[in-house]
Amino acid sequence: MLRDIVPDGWKNVGTEKRSVLFECGYVHFKRRIYQDTEGARHKPLDELLELEPWQRNSRALEEMSSALAATNTYRKASSLLSWLVKAAIKSQHHRKISEKNRAENTGTGTHGNRR
């Protein structure tokens, strides 16, 4: 269980809602927030799912998005991904993910890299 990975010294300070788009569609959930002895906040479920703060898409969905955007226009890629996950996806979604992945892979910014 998730409780087993929370250290004894951490204090439960409440819950927060979160929505993430996975391959199966949107998943809405509440997760517990803990505070350690030094005052830092932790969200064990986010850590277990390997979700970064403010991340709205799963890594697998971002990979699907990038693959579709690499071989199609962003508009066509968004249409295909929307059909696959049964959720509305805007074409800007693919551009942002592609630029993010390009920056991570090259270590550079995204200025001037438009499709």
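In what follows, Ala, Val, Leu, Ile, Met, Phe, Trp, Tyr, Cys and Pro count as nonpolar, Asp, Glu, Lys and Arg as charged, and the others, Gly among them, as polar. The model is predicted, so that local features need pLDDT of at least 70 and side-chain atom pairs count only at pLDDT 80 or more, while totals for chains, interfaces and linings use all residues. Residues are numbered from 1 along each chain as its sequence is written, and side-chain values use heavy atoms, with hydrogens and water left out.

**Exercise 1.** Describe the lining of the largest pocket by residue, element and class.

*Solution.* Begin with the term: on a 1 Å grid over the protein atoms alone, a pocket is an open set of points where a 1.4 Å probe fits, with protein on both sides within 12 Å along at least five of seven lines, and lining residues have an atom within 4 Å of a point. The largest pocket is lined by 13 residues, and Arg18, Arg31, Lys43, Asp46 and Pro53 lie nearest its centre. Next, assign elements, which are DSSP runs numbered from the N terminus (helices: H or I, at least four residues; strands: E, at least two). Both β1 (11–22) and α1 (44–48) supply at least two residues of this lining, and β1 gives the most, with three.

**Exercise 2.** Determine which element gives the most to the lining of the second largest pocket, and classify its residues.

*Solution.* List the lining of the second largest pocket first: Met1, Leu2, Arg3, Val6, Arg31, Arg32, Tyr34, Pro44 and Leu45. Two or more of these residues come from each of β2 (25–35) and α1, and β2 gives the most, with three. By class, the lining of the second largest pocket has six nonpolar, no polar and three charged residues.

**Exercise 3.** Identify the residues through which α2 and α3 meet, and give their classes.

*Solution.* Take contact as heavy atoms within 4.5 Å. Leu61, Met64, Ser65, Leu68 and Ala69 of α2 then meet Tyr74, Ala77, Leu80, Leu81, Leu84 and Val85 of α3. This contact of α2 with α3 comprises ten nonpolar, one polar and no charged residues.
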